[in-house]
Amino acid sequence: VLGAGARLLVVADDAEARTALSQALWQADGFLANGAADEPHAERQPILLSASCAAPNDAAMVLLADGRWREEAVRFDRAM
C-alpha cells in the first residue's frame, strides 16, 4: 500500500487491538508510521487506525483487522 503511495485505514472495534497493532507497526523493521483517527493530525497519517470506516487521511484502502465486514468498506478502492 505505502509502496504504491497510497494510504491505509485499519479498522478494529477493540481499542486494545488497535493499540497493539499500532505498536507492532512502529516496531516493524524500518517502522511504519501510523496514528489513531481520534488523535490530532489524523489526516496526515499514512496508516490510520480507527473503530470506523471514516478515513480523515483519505485512505484508498481499508484493512478490516477484526474480521467484521462493514458495508462502508465498499467505498474504498480495496478492502482487505
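**Exercise 1.** How many bridges join strand E1 to strand E4? Work from the predicted model.

*Solution.* Take residues 8-11 as strand E1 and residues 61-64 as strand E4. Four bridges link the two strands, which run parallel. One of the pairs is Leu-8 with its partner in E4, Met-61.

**Exercise 2.** Find the order of the strands in the sheet, and explain which strands stand at its edges.

*Solution.* Step one: the open sheet has five strands, with parallel pairing, in the order E2-E3-E1-E4-E5. Step two: E2 (35-36) and E5 (78-79) each have a single partner strand, so one side of each has no neighbour in the sheet, and these two stand at the edges. In general, strands of a sheet pair through backbone hydrogen bonds.

**Exercise 3.** Which elements give two or more residues to the largest nonpolar core?

*Solution.* The core has 11 residues, among them Leu-9, Val-11, Val-62 and Leu-64. The elements that give two or more are E1 and E4. A second, separate core of seven residues includes Ala-6, Leu-8, Ile-47 and Met-61.

**Exercise 4.** Is Arg-70 buried or exposed?

*Solution.* First locate Arg-70: it is in the loop between E4 and E5. Its relative accessibility is 5%, and buried means under 20%. Arg-70 therefore counts as buried. Next look at what surrounds Arg-70: beyond four places in sequence, its contacts include Val-11, Asp-13, Cys-53 and Leu-64. Finally, the side chains of Arg-70 and Asp-66 form a polar contact of 2.6 Å.

Definitions and conventions: Residues numbered from 1 in each chain as written. Predicted model: local features only at pLDDT ≥ 70, side-chain atom pairs only at ≥ 80, totals over all residues. Heavy atoms only, no water. Pairing = 2+ DSSP bridges. Core = buried A, V, L, I, M, F, W, Y, C linked by side-chain atoms within 4.5 Å. Buried < 20%, exposed > 50% of the residue type's maximum accessible area, 1.4 Å probe, protein only. Polar contact = N/O pair within 3.5 Å; in protein donor to acceptor, adjacent residues only side chain to side chain. Contact = heavy atoms within 4.5 Å.
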